[in-house]
Amino acid sequence: MAIEAESSLHRPIKICTASLLSLMTILNPKSHHSMVREIQTLLLSHKHIHLRWFKAHVGYLGNECADQLAKEDITKGDPIFLPKPLSYLKSEIRSAALSICARQLG
């Protein structure tokens, strides 16, 4: 949303976040997640917008506003369901199979 809001401005824009994982995900060219691909496309078409990471919100102007918007998005926004990684599913299946075997043998 921040990229879209700032895209009409034709001056350098920095969007800051405390989420290093989010930035790393956006930088991953192999991501197949539609939201990540959409953000990548927006950033490629708006070269004046730059994403920046900082360690924490503390002491940064606009922190309260960013926190409030994040809270609103969590409570009012549309949920996004991300698929679990294959490694997680394999682990769950293995645990369930071992549990069934233990009950049958026990």
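How many disulfides does the count come to? The count comes to zero. A disulfide here is a pair of cysteine sulfur atoms within 2.5 Å.

## About the model

This is a predicted model, where local features need pLDDT of at least 70, side-chain atom pairs count only at pLDDT 80 or more, and totals for chains, interfaces and linings use all residues. Residues are numbered from 1 along each chain as its sequence is written, and side-chain values use heavy atoms, with hydrogens and water left out.

Cys16 is partly exposed, at 43% relative accessibility. Cys101 is partly exposed too, at 40%. Buried means under 20% relative accessible area, exposed means over 50%, and partly exposed lies in between (1.4 Å probe, protein chains only).

## His48

His48 sits in the loop between H3 and S2. His48 counts as buried because its relative accessibility is 17%. Leaving out residues up to four places away in sequence, His48 touches Glu6, Ser7, Leu9, His10, Arg11, Pro12 and Ile13. Contact means heavy atoms within 4.5 Å.

## A pocket lining

Three elements each supply at least two lining residues of the second largest pocket: helix H2 (20–27), helix H3 (34–45) and strand S2 (49–53). Helices (H or I, at least four residues) and strands (E, at least two) are DSSP runs, numbered from the N terminus.

The lining splits into seven nonpolar, two polar and one charged residue. Ala, Val, Leu, Ile, Met, Phe, Trp, Tyr, Cys and Pro count as nonpolar; Asp, Glu, Lys and Arg count as charged; the others, Gly among them, are polar.
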